[in-house]
Amino acid sequence: MLTVVSGISSQLSPGLELALAAYRYEVFIEALGWQLPVENGLERDQFDRPDTLYVIARDANESVCGCARLLPTTQAYLLDEVFPDLMNGAPAPHASDVWELSRFSTKATGEIAALSRDEARRRFCVLFAAVVEAAMDQGATRLITFTAMGVERILRSIGMHAHRVGPPQLIDDEPVLAMWIELDDQTCQALRVPVRASGARSH
């Protein structure tokens, strides 16, 4: 069973933000080898602010097994501040209806058996649907993100409306690309998210 919660840090249950930072350390630093700030086995950076919106998945044991971070582009955000070259010369967005998605993962840590491909895909869709709903609750109609090319393939295989900002570029010897994710009818239907008149739109 998977449960998903969303909120800013002050809205999360006691200890959940700490568990999230520990999960992020296990996934992004230990497993993926990213060069990120770390303190006492916790991964946080300058974009983990009081207004940062988190989406967190937990398994039947209440352990964190997935996460995502949403930042308004009207404030400082990761792509604009740290990786602007991924915009391929286009201006980074600064609009109330565009939010940045970062630190997305459904990688299992500490589970006895590896997830089947079908279960991994199911978890991906459940968490992404929650991300889309949380973003639309904030008035977002688009997400901007950057990710590995494998994630791009998953998004398209699911049927979401995702498209590249520019060509992939190497970051730490890995090809990474910026992408738009449209929170429109196509994406909502692909993730089985209810379409909202004030949020999703057709393209």
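Tutor: Helices are DSSP runs of H or I with at least four residues, strands are DSSP runs of E with at least two, and both are numbered from the N terminus. The model under discussion is predicted. In it, T52 is found in the loop between β3 and β4.

Student: Why is T52 called buried?

Tutor: The relative accessible area of T52 is 0%. Buried means under 20%, therefore T52 counts as buried.

Student: Which residues is T52 in contact with, leaving aside its neighbours within four places in sequence?

Tutor: They are G7, I8, S9, F47, R69, L70 and L71.

Student: Why is E43 called buried?

Tutor: For E43 the relative accessible area is 0%. The cut-off for buried is under 20%, so E43 belongs in that class. The place of E43 is in strand β3, residues 42-43.

Student: What joins the side chains of E43 and R103?

Tutor: A polar contact of 3.0 Å joins them; the limit for such a pair is 3.5 Å. Beyond four places in sequence, E43 is in contact with A21, R24, Y25, F28, I29, L36, P37 and R103.

Student: Y25 is in that list. Why is Y25 called partly exposed?

Tutor: Y25 has a relative accessible area of 21%. The partly exposed class lies between the 20% limit for buried and the 50% limit for exposed, so Y25 falls in it. Y25 is placed in helix α1.

Student: How far apart are Y25 and L42 in sequence and in space?

Tutor: They are 17 residues apart in sequence, and their C-alpha atoms are 5.5 Å apart. With neighbours within four places left aside, the contacts of Y25 are E30, V38, G41, L42 and E43.

Student: How many residues does the largest nonpolar core have, and which have the most contacts inside it?

Tutor: It has 33 residues, and L70, F128 and L143 are those with the most contacts inside it. At least two residues each come from β4 (53-58), β5 (64-72), β6, α3, α4, β10 and α5 (185-191). The element that gives the most to this core is α3, with 10 residues.

Student: What makes such a set a nonpolar core?

Tutor: Its members are buried residues of the listed nonpolar types, joined through side-chain atoms within 4.5 Å. In soluble globular proteins, nonpolar side chains tend to be buried together. Not counting residues up to four places away in sequence, F128 touches L101, F104, L155, M160, I181 and L191.

Student: Where do the residues nearest the centre of the largest pocket belong in its lining, and how many residues line it?

Tutor: The lining has 37 residues, of which F28, L32, W34, F104 and A148 lie nearest the centre. The largest share of the lining, five residues, comes from β6. The volume of this pocket is about 1100 Å³.

Student: How do the residues of that lining divide into nonpolar, polar and charged?

Tutor: There are 24 nonpolar, eight polar and five charged residues.

Student: Which residues line the second largest pocket?

Tutor: R117, D118, A120, R121, F124 and I154 line it. Arg and Asp count as charged, whereas Ala, Phe and Ile count as nonpolar; by class, this lining has three nonpolar, no polar and three charged residues. The largest share, five residues, comes from α3, and the space within this pocket is about 180 Å³.

Definitions and conventions. Residues are numbered from 1 along each chain as its sequence is written. This is a predicted model: local features need pLDDT of at least 70, side-chain atom pairs count only at pLDDT 80 or more; totals for chains, interfaces and linings use all residues. Side-chain values use heavy atoms; hydrogens and water are left out. On a 1 Å grid over the protein atoms alone, a cavity is a set of points where a 1.4 Å probe fits but cannot get out, and a pocket is an open set with protein on both sides within 12 Å along at least five of seven lines; lining residues have an atom within 4 Å of a point. Grid points are joined across faces, edges and corners, and a volume is the space filled by probe spheres set on the points. Buried means under 20% relative accessible area, exposed over 50%, partly exposed in between (1.4 Å probe, protein chains only). A polar contact is a pair of N or O atoms within 3.5 Å; within protein, one must be able to donate a hydrogen and the other to accept it, and residues adjacent in sequence count only if both atoms are side-chain atoms. Contact means heavy atoms within 4.5 Å.
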